[in-house]
Structure formats: structure tokens, C-alpha cells
Amino acid sequence: MLVTMMHDFYDALAYLAIYASATPTERQQILKRVGASQKKLKEFAHHTPFHYQHKFDLVEAEWLRVLGQTAEAMELYDRAIAGAKANEYWKEEALACELAAKFYLSLGREKIARVYMIDAYDCYVRWGDRSKIDDLEKRYPQLLESILEPAKLAANPLATFATPANHNQSLNPYLYPSVSASVSDFGNFSTLLKACQALSSEREVDRLIAKLMELAMKNTVADKAALILPNGNQWEIAAISAIDNSGVERAIDLSSGTLDENSEILPLKIVECVKNLLKPVIVRDMAQEDDWASDSYILKYEPESVLCWPILDGGNLVGILYLENRLTARVFTRDRLQILNLLCSQAAICLQNALLYKKYQDYNQQLERSLVKISRTEAQLAEQKQMLQAILDVAPIWIWMVNPRGKVQFVNKTFCQDVGVPLSAFLAVDHYKDILGADAAGCMVSDAACLAQDLPHYSSEILRFVDGKQHYLEITKVQLKNYQGETIGIIGLGVDATDRKQAAELLQEQNQQLEQTLKDLQQAQLQIVQSEKMSALGNLVAGVAHEINNPIGFISGNLSEAKRSLEDVIEHLELYRSDAPKSEIADHAQEIDLDYLLEDLPKMIDSMEVGCDRICSISTSLRTFSRGDKDYKVPFNIHEGIDSAILILKHRLKANEHRPQIEVMTKYGHLPKIECFPGQLNQVFMNLFANAIDALEESNVGRTFSEIAANPNRITISTEVVEGHIKIKIADNGTGMKDEVKQQIFDHLFTTKGVGKGTGLGLAIVYQIAVEKHGGSIEVNSEPGIGTEFAIVLPVKG
């Protein structure tokens with residue numbers, strides 16, 4: 001609560017301070033933010049006016065100032081100053097006086113402003129805030145002229161000083177360092193908030209003490225800490241912790257120890273000084289101090305820096321925190337003292353709260369013991385029931401008790417309000433079904449189940465509330481037994497889980513929708529992948545068909561001619577076999593041009609053999625390209641994969657009526673076989689070559705045949721070995737890409753092609769195979785109008 005209050009208080013003042021220089025839009029946001037802080041402060045002030053009323057009054061005064069309501073602001077400034085002063089909030093009294101002085105100065109009332117500014121200056125002096133004192137002297141010398149005339153004090157208000165134990169006079173605030181940040185000093189605010197939150201989160205006394213010790217040592221660079229707390233009329237060491245010479249922190253000892261004159265755990269003179277004067281003792285360099293030289297602890301252990309701090313709550317001493325550093329002098333700087341001051345202020349409140357919480361726990365334990373005896377007498381039962389009613393009425397859950405016959409014995413206020421039936425009505429009926437009606441059926445079933453077992457019974461029931469709606473309740477019921485072990489009733493606890501149930505149902509519905517959406521997305525992805533496969537298959541089939549058609553057509557034509565030639569030769573041989581006249585044989589030889597047939601027929605057979613070899617070569621390339629991968633990498637010649645991909649796409653490279661042939665230039669280096677998945681790499685080459693051809697065809701749009709011939713389409717492929725890796729470059733002189741396109745080309749489903757022409761999977765698959773599957777890399781270099789180059793680097797050893 002303290003941390004929240006500080007944040008809202010200073011946050012509101014900071015925003016109101018910049019209101020005048022803000023834009024209209026910013027002013028609306030400032031008023032909205034400050035309004036929320038005012039609401040919180042007002043609630044704090046209502047519950048604890050001692051701590052918060054003057055803070056709320058000061059924020060309200062600043063609020064009225066920016067709204068131009070000067071008369072009302074004047075009154076609230078004075079109320080804030082009076083409240084802070086009455087409750088000894090010196091820092092906030094100084095802040096209120098300073099803001100009031102600025103307010104009157106803005107109205108041109110310098111004389112009134114001078115009075116408030118002198119009061120502010122005096123408060124900062126009492127508080128010991130050197131930075132604010134210097135700031136006021138520099139910014140408002142005309143208002144402080146009357147008090148700045150006397151000679152300045154020679155002593156540095158932040159100098160090291162320690163008060164002797166026998167020093168009885170009032171402590172001059174100039175002799176103590178500033179230990180509080182001003183409203184403009186937010187340097188350590190984040191650290192302060194975290195430290196205060198750490199303390200505020202602890203409710204157990206031992207855990208709180210341990211956390212305080214930890215934060216104090218951490219934020220002040222102390223190597224020893226001790227906390228002294230009162231126990232009746234005696235003071236005891238509640239906890240002690242130290243860091244040994246090796247820098248290892250010993251566990252915090254929470255065992256109590258009496259602090260008396262024979263104790264050598266702490267310097268008793270310093271502790272007694274703090275206890276008597278309620279002021280801190282700060283010894284920055286013990287070697288330069290003589291006041292504590294006679295203390296037995298100081299003589300024995302010779303610490304370099306010592307700090308003993310009173311923990312005060314409203315002027316009452318609730319504890320003493322002792323810190324020291326045995327090896328280093330001047331470790332307790334102003335910033336560390338600022339944090340320590342707030343820690344001790346927060347610790348004072350937290351200690352009181354923790355003690356109250358412990359008392360509350362003890363009270364609960366006593367209450368439980370009292371409940372065991374509650375059934376012994378009717379008088380005790382009535383008294384305890386009344387007390388229990390008062391406690392349980394404030395609970396935000398349903399609490400009730402019925403006897404085994406369904407007669408209502410007790411119903412808390414929350415139950416009555418939700419159902420819309422007063423307690424008297426419940427107590428007047430013999431069975432709660434007379435009140436709940438049809439909704440009582442489920443309750444009666446769970447009552448019977450509870451009475452049939454000794455363990456708690458859990459159930460879900462639906463009841464109609466006063467709002468007319470049916471609510472879903474989660475119920476816990478347990479038997480109530482007297483001291484003789486007899487069941488005398490049922491105690492029930494109910495929580496309205498309607499919102500949670502509806503949220504769970506909505507979440508389930510959304511999950512179902514998400515599952516269906518995921519299925520639809522997966523189906524769409526399958527279709528896209530299938531489309532990509534069909535596209536690749538189309539290129540494969542078209543390329544193979546085109547390459548095979550030429551040799552097959554050539555072989556088919558030669559076969560027809562060879563058949564006719566062979567028929568003529570056979571007919572001529574038949575004449576020999578029939579003993580025909582030589583003249584007839586000669587005439588027939590001349591008719592069929594036998595000499596030419598005998599010379600040409602072997603040539604036709606040789607050419608058909610060349611066509612068959614070509615088909616065999618295409619088949620080999622096809623097997624190379626479409627080879628199936630194993631579940632492990634195998635050696636592979638990259639050049640074979642590149643050549644097979646070029647062969648399959650060769651039909652797309654040939655010239656047509658729109659453009660000349662696309663040139664393919666290969667600059668192969670001497671590459672070793674690499675360990676890879678050949679089928680996957682062939683798919684990479686196929687996709688990159690197909691994209692290059694698409695880019696070249698796109699660049700030809702709007703150009704004539706002669707223009708293209710003057711600057712022919714070209715794909716350049718080069719390979720080389722680079723430091724244990726192979727590098728493959730595939731470049732084209734097509735359209736190129738813009739930077740925003742380059743950044744997305746490997747993204748899943750991204751494509752620049754028209755509808756039906758691209759799936760957005762080609763380059764995504766290329767990236768996945770090259771980088772994720774083979775541990776390589778892929779880069780793209782492209783410039784619009786110049787062309788694109790893909791560079792793939794793969795490790796030789798998989």
C-alpha cells in the first residue's frame with residue numbers, strides 16, 4: 001500500500017507540474033491520469049487519514065490550481081501543510097510549502113510567496129535535504145533574501161559525523177546526511193519501489209526480518225547486519241548476518257539473543273545512543289573518530305564503517321538496524337542512506353503489520369480451539385455463533401450451516417444478498433427447500449452424500465439469484481460434529497463460478513474453432529504443396545517428353561526408310577535365289593540403286609543407335625534428378641544434379657517465335673562429392689532454374705525479338721570450393737528484385753507471381769533444404785533491371 005501511495009502521490013504532482021506546457025490532447029490525458037490517482041489517494045485518506053489526508057489535500061490543491069480555482073486551492077494548500085506538520089511528515093510539509101509558494105508567485109503575490117518559501121526552506125533544512133536547499137537558494141534568492149544574509153555554515157551538511165553515546169543535546173540536522181529524495185529526485189525510485197514491494201509482500205515476521213536484512217546489506221554494501229527488536233521491557237537481537245572473509249554470506253540467524261552489557265555482538269554504546277536519542281549514528285571512517293574508541297566491540301573488531309539506524313513508526317521506536325563494513329571506509333553514501341531510510345520507514349509499518357498478522361493467526365488458532373467447545377453449553381453456543389456471524393458476514397463466499405434434517409442454523413450475509421431472502425426467513429422455515437423451491441433438489445442430494453461420508457463432499461449446484469438468473473456454484477460440504485463425535489449438522493461453502501464456467505465454455509468453443517481452423521489450414525497447405533509438386537512434375541514431364549521426342553522421331557523416320565531399303569535388298573536377293581537371268585538381276589540392281597542402299601543402310605542403323613544412346617542419356621539424367629533419398633546423407637556429384645535439372649528444363653530454354661534461345665553458361669570448378677540428400681538438392685536446382693527462366697521471360701515483356709537478341713537472356717552457373725564448403729551461384733540477367741521483395745522471398749506462401757502461376761512454396765522449400773536440412777546458407781543479391789544471383793554454400797562433410 002505504501003509503494004502504491006507513493007507512486008500515485010508523486011506521479012500526480014509530476015503530471016500537474018507539466019500541465020501548463022502540455023498540448024490540449026496531452027492535458028486531457030494528464031487530467032485523466034491524475035484523476036485516477038486522486039481516487040486512490042482519497043480512498044487511502046478515508047481509511048487512514050493520519051498518513052494520507054495531507055497527501056490527498058496537496059494533490060487536490062494542485063488540481064484546483066491548474067483548473068484556475070484559486071480560492072479553493074488556497075484553502076487546500078494550507079490544509080495540506082497543517083496535516084503534514086501535525087503528523088510530522090517534514091518532507092511533505094516542505095513540498096506543500098514550496099508548491100504553495102510557487103502558486104502565490106504565479107498570482108503575483110510575492111510577499112505571501114516569500115512566507116511559504118521560507119517555511120519550505122526551513123523544512124528542507126530540518127529534513128537535511130542538501131540538494132533541495134541548494135535548488136531553492138539558486139532559483140528563489142529574492143524570496144529567501146532575509147534568511148540568506150547570515151553567514152553560511154562552514155560545515156558540509158553531508159560530512160561524516162557520529163554522535164557520542166553521552167551526547168544529550170538536540171541533534172543539528174545539518175550534521176546528518178540527507179536521507180530522503182526530493183520530489184524531483186527520482187534516480188533510485190525504481191530500486192526503492194522494488195525494495196518496498198519486497199518488504200510489503202512478506203507477512204510472516206521471520207521472513208520479513210530476513211528480507212529486511214538481505215535488502216539492507218545488499219543496498220548499503222554492509223558485510224554485517226543485525227536487527228534489534230523490543231520484547232517487553234528488554235531489547236533482543238532478533239537476527240544477525242555477516243559475510244566472511246571469503247565473501248560468502250552466512251545464513252541469517254533468526255534465533256533471539258538478549259542484548260545486555262556483557263554482550264560482545266554489537267557496539268553497545270552506539271546502540272544505546274540511537275535508542276535514547278532516536279537519531280541515526282553514522283560513522284563513515286572509524287579511524288577518524290574518537291567518540292567510540294572505548295567501546296569493547298570497536299576495540300576488538302575494528303570496523304571501518306558503522307551505521308546504526310532507528311526504525312520509527314509515528315515517532316515510536318519499534319526497532320534498531322545495525323550495519324557495518326569491516327574492511328572499507330565511507331561505504332554509507334547519501335544514495336545508500338536514501339534507500340535505507342525508506343527501507344526502515346517501510347519496515348516499521350511492515351513489522352507492525354506482521355506482528356498484527358501474527359496476532360491474527362494466534363487469534364484464529366484460539367478461535368478454532370473455541371469452536372471445538374462451542375457445543376458444550378447453549379450459552380457458549382449463542383456467544384460463539386454471534387461472533388462467528390460477525391466474522392463470516394464479511395466473507396465474499398457463501399457460508400451456511402444446516403442440521404441433518406435440513407433446518408437452517410446459520411447463513412452469512414453474502415448468501416442472503418445473492419438469494420434475496422433475509423436471514424430471518426431462512427431461520428423461520430423447517431427446511432431450506434421452502435425457500436429455494438425447485439433449486440433445493442440438487443442441494444438435498446449433495447447433503448445426503450455429505451452425511452454418508454466423513455470426508456468433505458464436493459458438488460456443483462445451480463441456484464437462481466435475486467437477479468433472476470441461474471448461477472453455477474461450486475460447493476464444498478463437510479459434517480459438523482460435537483465433542484462426542486455425533487453429527488450435528490453440515491457446514492457448506494459456496495463460490496459463484498458462473499463467470500469461470502462461461503469463460504471455460506467460451507474457451508472450449510474457441511478451441512474447437514481453432515482446431516477446425518487448423519485443420520482447414522493444414523488441408524490448404526496440403527493442397528498448396530500438392531500444387532507445387534504437380535508444377536514440378538509438369539516441368540519434369542514436359543522436359544523429358546520434349547527431349548525424348550526428338551530422338552524417337554528421328555529413330556521412327558529412319559526405321560521406315562530402313563524397312564523400305566531392306567525390302568528392296570531382300571527382293572534382290574530373291575532374284576539370285578530364283579536363278580533369274582543376269583540381265584534381269586542387273587536391271588533390278590540398277591532399279592533399286594543397290595550400291596546406294598548398301599552404303600546408306602549402315603549409316604541409318606548407326607544414326608538410330610545414336611538416338612538410342614541419347615534416350616539412354618536422358619533416362620540416366622532423369623534417374624539422377626528423381627533419385628529417392630535415404631534417411632541418411634550419401635556422397636553426390638553436384639554437377640550431375642545441376643546438369644540433370646538443366647536437361648529437364650531444356651525445352652523452356654529453346655528459341656521460339658518471341659525470343660532467341662536462353663543461353664546457359666556453366667563455370668564448374670573442381671568439386672569433391674559432398675554428403676547430402678541428392679533428391680532434395682535436385683529440387684533446389686530445379687526451383688532456382690525455373691525461377692530464373694520465369695524472371696527472364698518476365699523481362700522480355702514489351703521487348704522485340706531483335707532487342708532481346710541484342711542483349712540475350714542468360715543464366716550463369718558457377719561452382720567453387722571455399723574453405724571446406726562448396727559454393728554454387730545461379731545468376732540471371734532478368735528483372736531483378738526490390739529490397740522489400742528480397743526480404744520476403746524465403747517466407748512461406750510469399751509470391752510475386754500472378755494468381756495460378758506461383759504457390760509461394762518454391763523458395764521456402766529451397767531455404768528449408770539448404771539451411772535446415774544441410775546446415776548451409778543461401779544469399780540473394782539482386783538489383784532491379786540488372787538481374788538476380790542466388791548463392792548457396794553447403795558443407796562438404798554432412
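**View 1. Helix 22 passes helix 24 in a right-handed crossing.** Right-handed here means that the near helix is turned clockwise from the far one by less than a right angle, and left-handed that the turn is anticlockwise. The model is predicted; local features need pLDDT of at least 70 and side-chain atom pairs count only at pLDDT 80 or more, while totals for chains, interfaces and linings use all residues. Residues are numbered from 1 along each chain as its sequence is written, and side-chain values use heavy atoms, with hydrogens and water left out. Helices (DSSP runs of H or I, at least four residues) and strands (runs of E, at least two) are numbered from the N terminus. The axes of helix 22 (residues 638-648) and helix 24 (residues 678-699) come within 9 Å and cross at roughly 45°. Axes are lines fitted to C-alpha atoms, for helices over the stretch in contact, and angles between N-to-C directions run from 0 to 180 degrees. Helix 22 and helix 24 are therefore oblique to each other; angles under 35 degrees count as roughly parallel, over 145 as roughly antiparallel, 65 to 115 as roughly perpendicular, and the rest as oblique. On the helix 22 side, the contact (heavy atoms within 4.5 Å) includes Ile-638, Gly-641 and Ile-642, and helix 24 contributes residues including Phe-685, Met-686 and Phe-689. By class, this contact has nine nonpolar, three polar and no charged residues. Ala, Val, Leu, Ile, Met, Phe, Trp, Tyr, Cys and Pro count as nonpolar, Asp, Glu, Lys and Arg as charged, and the others, Gly among them, as polar.

**View 2. Helix 3 meets helix 5 in a left-handed crossing.** Take a look at the two axes, which come within 11 Å and cross at roughly 15°. That makes helix 3 roughly parallel to helix 5. His-54, Lys-55, Leu-58, Glu-62 and Arg-65 of helix 3 meet Glu-92, Leu-95, Ala-96, Leu-99 and Phe-103 of helix 5. These residues divide into five nonpolar, one polar and four charged.

**View 3. Helix 3 (residues 49-66) is shown from its first C-alpha to its last, a reach of 25 Å.** Its 18 residues come close to the 26 Å expected at 1.5 Å a residue, where the expected span is 1.5 Å times one less than the number of residues. Among its buried residues are Tyr-52, Phe-56, Trp-63 and Val-66; buried means under 20% relative accessible area, exposed over 50%, and partly exposed in between (1.4 Å probe, protein chains only). Just after the helix, Gly-68 takes a positive phi of about 85°.

**View 4. Gly-787 sits in strand 18 (residues 787-795).** Gly-787 is buried, with a relative accessible area of 8%. Its C-alpha atom is separated by 5.5 Å from that of Thr-735, 52 residues apart along the chain. Not counting residues up to four places away in sequence, Gly-787 touches Asp-732, Asn-733, Gly-734, Gly-736, Asn-781 and Ser-782.

**View 5. Ser-718 has its place in strand 15 (residues 714-722).** Ser-718 is buried too, at 19% relative accessible area. Leaving aside neighbours within four places in sequence, Ser-718 is in contact with Lys-667, Lys-727, Ile-728 and Lys-729.

**View 6. Val-221 has a positive phi, near 60°, in a residue other than glycine.** Val-221 lies in the loop between helix 10 (205-220) and strand 1 (224-231). At 38% relative accessibility, Val-221 counts as partly exposed.
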